[in-house]
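Biologist: I have a model open on my screen and would like to learn how to read its features. Could you walk me through it?

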Amino acid sequence: MNFFRGVIGGQAAGPQPSGSETIQKLCDRVASSTLLEDRRDAVRALKSLSKKYRMEVGTQAMDHLINILQTDRSDSEILGYALDTLYNIICNDEEEEQDESEDAVTPLPVSGKHKNMSIPDENAQKQADDLGAQFTDTFIQDPEHITLLLTLLEEFDFHVRWPAVKLLTALLKNQGVQVQGIILVSPMGVSRLMDLLADSREVIRNDGLLLLQQLTKGNAAIQKIVAFENAFERLLDIITEEGSSDGGIVVEDCLLLLLNLLKNNSSNQNFFKEGSYIQRMKPWFEVGDDNSGWSAQKVTNLHLMLQLVRVMVSPVNSPGATSSCQKSMYQCGLLQQLCTILMATGVPADILTETINTVSEVIRGSQVNQDYFASVNAPSNPPRPAIVVLLMSMVNERQPFVLRCAVLYCFQCFLYKNQKGQGEIVATLLPSTIDANSISAGQLLCGGLFSADSLSNWCAAVALAHALQDNLTQKEQLLRVQLATSLGKPPVSLLQQCTNILSQGDKIVRRGSKVQTRVGLLMLLCTWISSCPIAVTHFLHNQENVPFLTAQISENLGEDERLVQGLCALLLGICIYYNDNSLENYTKEKLKQLIEKRIGKENFVEKLGFITKHELYSRAAQKPQPVFPSPEQMLFDHEFTKLVKELEGVITKAVHKSSEEDKKEEEVKKTLEQHDNIVTQYKELIREQDAQIQELKEQVSSMTSQHEQMQTTITQQLSQIQQHKDQYNILKLKLGKDNQSQSNSQGDGSQVNGLQTEELSQLREEVEELRKQHTLLQTQLSDKDTLINTLKSAESQTGGSDNTELLQELEALRGQVQAQAAEISQLKTERQDLLRRAEAGSSDSAPSNSSDATQLAELESRLAAQSSETERLKEEEKKLSQSRAELEQQLASATSTVAILQAEKTKLQTEVQESKKEQDDLLMLLADQDQKIHSLKQKLKDLGETVEDEDDLDARDQTDEDDEDEDEDED
């Protein structure tokens, strides 16, 4: 123990051993000590040296520390020291020293977030990173080491679980892909890590969040497993418990983990939406009236929450999933809440910018959401539409650049696939709808288009181009817009003013000389006149436009002007491709001749290619959101890149086509138009016939319903008539009974029955008893008939002849039962006679009594005989039942034997089929082999080698055998 005190405690007298020697001695003690206390002290000493002597401890002690984790599982203290030591040599972060003494209480930090200390020496940091990666590679060479750490996570002891979490996090930071692969194939590996979120100790839960962040980076399979381990529910619960956007860094960690799980993972996004978790995001964005003094953490949290919303409705997602999420966000009120933040005062600029981007993607392509956004008003006096307020920020050069880009993106998303919104924007520019007392969106766009700020020119031009995107009606409507340039001069059209700025920009305060302004105007003009022959005609009607374009294209300008030349070539090409030849001086053919004389076709195509070769073109084509590092690089719009890609090829073909090809194309177009007209006529005829058929169907359906109603009425009337008839018959019967009772009422007192009442009651009881016996015998007879039929069918199936005697007995019994039934019917007849005689007059009472007594005696004797006969028949029935059961048992055994034989037959047939199939496969293989041998022999013969065929070999073998036989004969 003095040795350990010297290492850990004070300095001992005499020469001190070096750090490497001390570590070697400690490693020997860890490996050789039999006492747990000695090993524990040695590991504690290694931990204290692991930061200063990281290389030495890592190279000499790692195997011993891993062995400690495997063998000393019962002692949590030594496990904690070993895990801390491994963490110190693998982790690349320089952390604050913590009190590791046994008596010290381990502090529980509020967050598991680790803050990296700044290291001045970058080379030292790089060496430390390399060292951590090397030790990580050494540790994960055996995947069982990761499995061991996952097992240690099940320990509830804080001193074991927390270091294990930190160590796994460090391993994932250094070698994420390899460690992810090991955890993915480990049984219940991800589930054990998910259990960390349920730990009641906040420090473990928070560091568990950091661990899951590293685990889910870039691995879709692990992301799905974590999501289906109920991660969304747990993380949203933690965010709510921590105070949502007002929470601390734990909320930030939860949001980062949610972003990892949802970004570019359509399966998890669908699971998040189907689980109704979008509705739980709405309370995050509830802000009050006083939004001043937001903390930096709240800004970060809200920024991540907005990013989470954008992930669910990103344009890169599938259209169906995006539309479904947009619908859910509108229905749950999330969009309304975001618009409230948008119009609130005191919101920080970066949150406002991100909110604008979020609202943009929530409404993009969704007609319902776009209509709602158009109805939102800013809380001003008088109230103004939110679109107008945002456009005021976009054309204001004093606003931040990122905010102006966000507003432009919002306006583009509002107009995306929204012809109704496009019409409303263009309508604000038309003379009939202009309101002099209020500022409209069209006025702001025109003001920005012609302002002195080049960025405002570009943004306004792109915004106006989006109001015309894929909308021929609005392109034609915008030609009506007239602008008042100055007092005393006639108004000019918007199209004319745009071309004037392009051609005379150098003379008007150098507005058009800026590349950004010219690019914006050229993009607007290209979008405007494409697919619109009327706009092309208006553009060519100005005599100065074509000479200006040809001059711009033919000049040899600098690198900055190449993009302008390419756009001018594109504009001129659109004038050729969409030209309807209505202007005699600028038909397709004359414009192509002009290009050939002034520019040259090859030069024109080369200048046209400058657009797609520009370095900023590919960046703008990647995603719809305009994101630029600086205002000077804001040149291309995403939708315009699609237009260029669509038109570049067709314009090149149109320029190279000859006049004959154009004529042929025109003829083909006319023919197609004629065919289209014929098809249209037939379509109209079919529509008329469909309408007539529909009318006839409606008439048939109405007549059918009328017929059904009449049938129902007739049925009701028939039922009423039947009811009346029934009532009439009942009344008639009642009337007849009343008359009969009145006629018989006089003789009721004088009639006296010849028999006594007791005798009549006895006769009635005997008759009832005879009826019951008759019913019982009839039931027994039917049962026996059923038994006979069953036995007959069994006999026909089995082919046996042992049932003949039984059938004969059953036939005899059946005859007896029929005789008994006849006797019973005879008795009933006699009983009826007795009753009639009993109702005779009182004068014949004495002789009738004696005869009735005699007949009753005979009846009793017969009934006794019948009872005995019935008992005998019951006994015979029991015997027959027993014999039937034996026959059924024999039949069942025979049936089971047949089933077994059938199964064996089926099995044998299956084996025969399989053997046939195998033989066929072998024959196919032999045929292929023979074919290959034959081809190889043929190749050898072609190469000049002597190859003997099987026939030659057989002939040789036969010759050898004959020679051997001759030799034997000679011997």
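Modeller: We will go through helices, salt bridges, backbone angles, contacts and surface patches in turn.

Modeller: This is a predicted model, in which local features need pLDDT of at least 70, side-chain atom pairs count only at pLDDT 80 or more, and totals for chains, interfaces and linings use all residues. Residues are numbered from 1 along each chain as its sequence is written, and side-chain values use heavy atoms, with hydrogens and water left out.

Biologist: Is H5 mostly covered or mostly open?

Modeller: Buried means under 20% relative accessible area, exposed means over 50%, and partly exposed lies in between, with a 1.4 Å probe and protein chains only. The areas come from the Shrake-Rupley method with a 1.4 Å probe, and for residues only the protein chains shown count as cover. H5 is mostly covered, with 13 of its 15 residues buried.

Biologist: How many salt bridges are there by the rule used here?

Modeller: Side chains of opposite charge can pair when their charged atoms come close. The rule asks for a side-chain nitrogen of Lys or Arg within 4 Å of a carboxyl oxygen of Asp or Glu. By this rule the count is 20 salt bridges. One of them joins Glu77 to Arg40, with the closest N and O atoms 3.8 Å apart. This pair links distant parts of the chain, as Glu77 sits in helix H5 and Arg40 in helix H3 (residues 36-49), 37 residues apart. Glu77 is partly exposed at 26% relative accessible area, while Arg40 is buried at 16%.

Biologist: Which residues are linked with Arg40 in a network of salt bridges?

Modeller: Arg40 is linked in such a network with Asp75 and Glu77.

Biologist: Where do Asp41 and Arg44 lie?

Modeller: An α-helix has 3.6 residues a turn, so residues three or four places apart point the same way. Asp41 and Arg44 both lie in helix H3, three residues apart, about one turn of the helix. They form a salt bridge whose closest N and O atoms are 3.4 Å apart. Asp41 is buried, with a relative accessible area of 12%, and Arg44 is partly exposed at 24%.

Biologist: What does Arg518 form a salt bridge with?

Modeller: Its partner is Glu561, with the closest N and O atoms 3.2 Å apart. Arg518 lies in helix H28 (residues 515-529) and Glu561 in the loop between helix H30 (545-554) and helix H31 (562-577), so the pair ties together parts that are 43 residues apart in sequence. Both Arg518 and Glu561 are buried; for Arg518 the relative accessible area is 9%.

Biologist: Which residue has a positive phi of about 55° although it is not a glycine?

Modeller: That is Asp470, in the loop between helix H25 (454-468) and helix H26 (472-478). Asp470 counts as exposed at 65% relative accessibility. Asn581, also not a glycine, has a positive phi of about 60°. Asn581 is found in the loop between H31 and helix H32 (588-599), and counts as partly exposed at 34% relative accessibility.

Biologist: Which residues make the nonpolar surface patch of about 390 Å²?

Modeller: Patches are made of residues with over 30% relative accessible area and no salt bridge, where like charges are joined within 9 Å and nonpolar side chains (Val, Leu, Ile, Met, Phe, Trp, Tyr) within 5 Å. Here the nonpolar patch is made by Ile678, Tyr682, Leu685 and Ile686. Tyr682 lies in helix H37 (residues 659-744) and is exposed at 54%.

Biologist: And which residues form the negative surface patch?

Modeller: Lys and Arg count as positive and Asp and Glu as negative, while His and the chain ends are not counted. The place of a charge is taken as NZ of Lys, CZ of Arg, CG of Asp or CD of Glu. The negative patch is formed by Glu911, Glu914, Glu918, Asp920 and Asp921. Glu914 is found in helix H40 (residues 845-942) and counts as partly exposed at 47% relative accessibility.

Conventions:
Helix = DSSP H or I, 4+ residues; strand = E, 2+ residues; numbered from the N terminus.
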